[in-house]
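This note goes through the points a new reader may wish to check. Please look at the sequence and structure below, then read on.

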Amino acid sequence: MQKYSPINIFLKTFSVISQMTSGRIWMLDCFLNTVVGVKVEKITTRRLWLLEEIFKRRLHDLIHSQLIGTNGTHIQTVIGLEEACDGCEKCSNIAKKCIEYGPLRFSTLQTMTYSKNYKKLHVTDKLFEDIAEYCISKSKNKEECFKELDKTILSAISCDKLAIWISETRVIPDEEMRDHMHMPREVIDTILRKWNVKSIKLNILHYTNESECRIEWLQYDYFTRVRLKDPYWETKQSDLKFNHVEVSLSYSLDCVKGLGNLPGETEPPAGYDNFIPNIRRLFPTDQILMELTHWYFVPKIDIEKKMSTILKVVTMEIHKKLSLDIKFFVESGIVKMLNEETNRVELLGVASGYVHQEKRLHCFKKSSPFNGNHGPEVFLDNRWIGRRFQMRNTVNQFNFNLDVYIKEKELEEKFDKELLQEYPNSFVGHFFA
Ligand SMILES: [Zn+2]
Ligand SMILES: [Zn+2]
């Protein structure tokens, strides 16, 4: 069980406010003063960078002085704080004490010369670029550059899980395009190898504060450029191996679009259908776990069509020895369709290719309406009921579980018995069986 202090919850809600007034700062100051003495173990802040400069610093300092304390005796996890300072001495001192920390700025990485095993470290695509450019700046040729890379990433650090935050909307200065950008492959591989990473989490984010790409490293041919949306057959197979790769798409827009639509259905064809094959080449694993919590930008096509598209996309490459689990949270509306001729509601079926499994799933999940400019805005806890639909290829040892979840409340309110009886083989019928 993770311990959530009230501060954590407070800050989570608090950090989305980008316009702070002095009155609010004063209120926060008072609030933090009243909680002195609380042993805070975990601090998660989200999108602190949206705050005004002066308030951002003030909040950063308050978190250090009031919540963490000078010696940081109790702190175990700090996530997102460097967004406020872009890496500082206070933060790097805390990084040393935590078992989970990040995303690391380059200056913090440089202080990590000690020996330590982290449970989890968070890094960003921007950090990869910063490392590449630092190594280039310190060297005269490719060989020296890679020696510098070897000195920059130390094997005294190890981490069980590496969370990689990848931005979907980065730009090359003076260029229009906003999309996934290239990452320096050798930097990623060196980190994975030297830190002895056992499993990976990919956080795909539509929107971050590190929106400008560094372009210096692209002038040199030292590093191999990789991108998750590039044609997978061009991505070299890594010889590393990971227990599993988790993919969070809650804050993604483009990858979600690419998974839920066939290449011909998006304008322009985005290429994210290469996502899974590329993951397997960059982070070889037998187990991929994905979460699709929203379908913003994806037309509200019926469940039958959607499931069939997902199946086509994930089997684009014939996978050998892979277990793929996708948690798919849907609106109940997409399981039915209004027949315009009869003006009657009909229930849709299960896409062919899947076999329903007798497995009852449920979970509590925050439901977050997705706004194109800002990402998920509102967090509401909901109980979701799920059913498993499976596609299995025993010859290739490929197993795909699509766990579809519908809000319990919507199941209770929006389906009557007669309709369900009229369509005994409907998709949603499995939720009532
Ligand atoms: Zn700091
Ligand atoms: Zn993406």
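Where is K321 found?

1. K321 is in the loop between α12 (303–314) and β11 (322–330). Helices (H or I, at least four residues) and strands (E, at least two) are DSSP runs, numbered from the N terminus. Although K321 is not a glycine, its phi is positive, about 50 degrees. K321 is partly exposed, with a relative accessible area of 45%. Here buried means under 20% relative accessible area, exposed over 50%, and partly exposed in between (1.4 Å probe, protein chains only).

2. A word on the source. This is a predicted model, in which local features need pLDDT of at least 70 and side-chain atom pairs count only at pLDDT 80 or more, while totals for chains, interfaces and linings use all residues. Residues are numbered from 1 along each chain as its sequence is written, chains are lettered from A and ligands numbered from 1 in the order in which they are written, and side-chain values use heavy atoms, with hydrogens and water left out.

3. The chain as a whole has 14 helices and 18 strands. It has 433 residues, of which 56% count as buried. Of the contacts (heavy atoms within 4.5 Å) between residues at least 6 apart in sequence, 74% join residues at least 24 apart.

4. The zinc ion (ligand 1) is coordinated by H60 (NE2), C85 (SG), C88 (SG) and C91 (SG), at 2.1 to 2.3 Å. Donors are N, O and S atoms within 2.8 Å of the metal (3.2 Å for Na, K and Ca); water is not among the atoms, so sites may look incomplete. Along the chain, the donors of the zinc ion (ligand 1) follow the spacing H-x24-C-x2-C-x2-C. C88 and C91 are both buried.

5. Why is the arrangement around the zinc ion (ligand 1) tetrahedral? The 4 donor atoms subtend angles of 100 to 116 degrees, and four donors count as tetrahedral if all angles lie between 85 and 135 degrees.

6. Two backbone details deserve a look. Most residues other than glycine have a negative phi, and most peptide bonds are trans. D86, in the loop between α4 (82–85) and α5 (89–97), has a positive phi near 60 degrees. D86 is exposed, with a relative accessible area of 53%. The peptide bond from G102 to P103 is cis, with omega near -15 degrees, and P103 is in the loop between β3 (100–102) and α6 (106–111).

7. The whole structure holds 11 aromatic pairs. Rings of Phe, Tyr and Trp (its six-membered ring) pair if their centres lie within 6.5 Å; planes under 30 degrees apart count as stacked, over 60 as edge-to-face and the rest as tilted. One of the pairs is F329 with W384, edge-to-face because the centres are 5.0 Å apart and the planes at 90 degrees. F329 lies in strand β11 and W384 in strand β17 (residues 380–393), so the pair ties together parts that are 55 residues apart in sequence. F329 is buried at 4% relative accessible area, and W384 is buried at 6%. Ring pairs link F329, W384 and Y405 into a cluster.

Notes. Four donors count as tetrahedral if all angles lie between 85 and 135 degrees; four count as square planar and six as octahedral if opposite donors are over 155 degrees apart and all others between 65 and 115; anything else is irregular.
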